[in-house]
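My notes follow in the order I looked things up.

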Protein chains: 2
Amino acid sequence: MNCKIVLVRPRDPNNIGAVARAMKNFGFHELTVVAVHPPVWNEISSAPNAMDVLTNARVVATLAEAIADCNLVIGTTDRTRVEAKQSVFTPLELSRELAETEYNLALVFGSEKHGLTNEDLSHCHRVMSIPTQPNCPSMNLGQAVAICCYELVREQAQREMLPRPAETATAGATEAALQLLLDVLRQIDFVLPGNEPDLTRRLRSSLLRLNPTKYDIEILCGILSRIKRGLPPDPHNPN
Amino acid sequence: MNCKIVLVRPRDPNNIGAVARAMKNFGFHELTVVAVHPPVWNEISSAPNAMDVLTNARVVATLAEAIADCNLVIGTTDRTRVEAKQSVFTPLELSRELAETEYNLALVFGSEKHGLTNEDLSHCHRVMSIPTQPNCPSMNLGQAVAICCYELVREQAQREMLPRPAETATAGATEAALQLLLDVLRQIDFVLPGNEPDLTRRLRSSLLRLNPTKYDIEILCGILSRIKRGLPPDPHNPN
């Protein structure tokens with residue numbers, strides 16, 4: 001995805017670091033910082049593993065300069081600051097649109113304290129808000145960037161995270177554990193005359209529904225074998 | 001949604017604050033902190049608007065105590081720390097499951113430095129990872145909580161954020177602006193003999209496709225009227 005993150009007048013260097021880290025978590029690399037607030041922001045400790053994003057960041061004086069090569073500029077704002085007559089866009093809608101059309105995208109975030117000004121927003125094609133609760137609408141800068149980056153790659157990242165299925169036990173291994181369990185139940189006289197077929201079915205169903213792994217069955221068999229050896233033998237069927 | 005956020009051995013009070021803020025951003029209120037690291041974490045400045053979440057937070061000594069009343073406990077971990085044989089769950093999958101079944105859910109997050117231990121994870125029904133990039137898998141605690149909370153309410157929050165459609169200009173107002181524009185074009189001899197119908201159609205299409213607001217058309221008409229008055233009258237049709 002061709003997307004740059006633009007921070008306008010960020011104040012806290014650690015927020016810039018947190019932004020870089022979230023970008024890298026989701027595969028974004030282009031960071032542009034506009035009119036950064038002193039002190040020097042390249043002494044940041046909050047970006048483990050993402051210092052390259054900071055080192056390669058572009059520092060410019062104006063928002064116009066930051067976005068000159070973009071054909072879709074999205075200004076973000078707290079939803080309560082959007083004028084009633086403006087239409088608001090959400091990250092979900094943006095991600096749906098980007099699935100259909102390729103843009104040179106800039107996502108623009110304002111300062112922690114005041115967000116983007118109306119002047120800043122006039123440079124943007126659209127205004128976007130994360131759908132937060134009305135009683136706590138304003139988000140932390142690093143968290144807002146993290147959510148936008150997550151949303152933009154959500155479907156793709158989900159697909160790439162190949163499921164690693166647990167090694168589910170085979171039916172045979174589960175059945176062997178069941179038989180061992182039944183041996184123990186007989187030894188402790190838990191199996192009443194006539195109820196064995198029904199009890200067996202119920203226990204088999206339960207074991208399979210629990211969907212145990214190979215390891216679960218191994219440990220269960222180990223425990224049951226030890227119990228079986230420790231108990232007096234089945235009075236009705238000593239072996 | 002019946003969901004508590006459980007932080008196990010968090011170290012940085014400002015991360016606890018950031019977690020509280022993200023929770024409140026997305027409508028989560030129940031925070032439990034296990035074996036919190038000194039110094040005292042109730043002197044936190046990073047939770048504007050969410051101090052109530054901190055004030056009402058439960059502080060307990062063990063994870064077992066924190067989750068005793070939950071019937072779905074999800075432990076979060078960096079995807080690279082998951083053992084190859086374990087199946088990993090994602091926030092998207094969790095949110096799909098919660099849409100179908102109601103649980104007393106706990107989302108458990110480990111310390112910033114080491115995450116959850118294997119001992120902690122043994123208390124969890126499932127292990128969940130956010131699908132981050134393999135070259136920067138580990139997330140900031142506040143950002144990870146923000147993404148999980150966002151994901152769990154994403155569809156609902158999206159629906160609740162009623163679209164506020166911009167006051168799009170009426171066709172009549174746009175047509176009036178077009179006629180004013182054509183007046184000006186005639187005055188500057190931009191309309192060549194014979195091309196007026198075609199030019200009119202093209203400009204009308206462009207104007208409508210731009211989907212201007214009422215305000216856009218008002219300002220356009222204001223500008224065009226002023227230009228019209230400033231120019232010498234149309235030589236072919238003075239009025």
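**Domains.** The domain bounds I use come from an automatic or database domain assignment. I am working on a predicted model. I find chain A divided into domain 1, residues 3-160, and domain 2, residues 171-230. I looked up the distance between the centres of these two domains of chain A, taken over C-alpha atoms, and it is 56 Å.

Next I laid chain A on chain B.

**Interface.** I then looked at where the chains touch. I find 39 residues of chain A in contact with 39 residues of chain B. On the chain A side, helix 1 (13-25) and helix 6 (141-160) are the elements that give two or more residues. Helix 6 of chain A gives the most, with 9 residues. By class, I list 18 nonpolar, 13 polar and 8 charged residues on that side. Do the copies meet through the same surface or through different ones? They meet through the same surface, because 100% of the interface residues of chain A are also interface residues in chain B.

**Core.** Which residues touch the most other members of the largest nonpolar core? They are Met23(A) and Met23(B), in a core of 112 residues. Leaving out residues up to four places away in sequence, Met23(B) touches Ile5(B), Phe28(B), His29(B), Leu31(B), Ala50(B), Val53(B), Val145(B) and Cys149(B).

**Helix 8 of chain B.** I checked the length of this helix, residues 196-209. Its 14 residues should span 20 Å at 1.5 Å a residue, and its end C-alpha atoms are 20 Å apart, which agrees. Of those 14 residues, 1 is buried, so helix 8 of chain B lies largely in the open.

Most residues other than glycine have a negative phi. I therefore noted the exceptions I came across. Arg9(A) has a positive phi near 50 degrees. I place Arg9(A) in the loop between strand 1 (3-8) and helix 1 of chain A. Is Arg9(A) buried or exposed? Arg9(A) counts as buried, because it has 20 C-beta neighbours inside 10 Å. Asp189(B) has a positive phi of about 60 degrees. I place Asp189(B) in the loop between helix 7 (171-187) and helix 8 of chain B. With 10 C-beta neighbours inside 10 Å, Asp189(B) counts as exposed.

Terms used. Residues are numbered from 1 along each chain as its sequence is written. Chains are lettered from A and ligands numbered from 1 in the order in which they are written. This is a predicted model: local features need pLDDT of at least 70, side-chain atom pairs count only at pLDDT 80 or more; totals for chains, interfaces and linings use all residues. Helices (H or I, at least four residues) and strands (E, at least two) are DSSP runs, numbered from the N terminus. The expected span of a helix is 1.5 Å times one less than its number of residues. A residue is buried if 20 or more other C-beta atoms lie within 10 Å of its own, exposed if 12 or fewer, and partly exposed in between; C-beta atoms are placed from the backbone. Two residues are in contact if their C-beta atoms, placed from the backbone, lie within 7 Å. Ala, Val, Leu, Ile, Met, Phe, Trp, Tyr, Cys and Pro count as nonpolar, Asp, Glu, Lys and Arg as charged, and the others, Gly among them, as polar. A nonpolar core is a set of buried Ala, Val, Leu, Ile, Met, Phe, Trp, Tyr and Cys residues joined through C-beta atoms within 7 Å.
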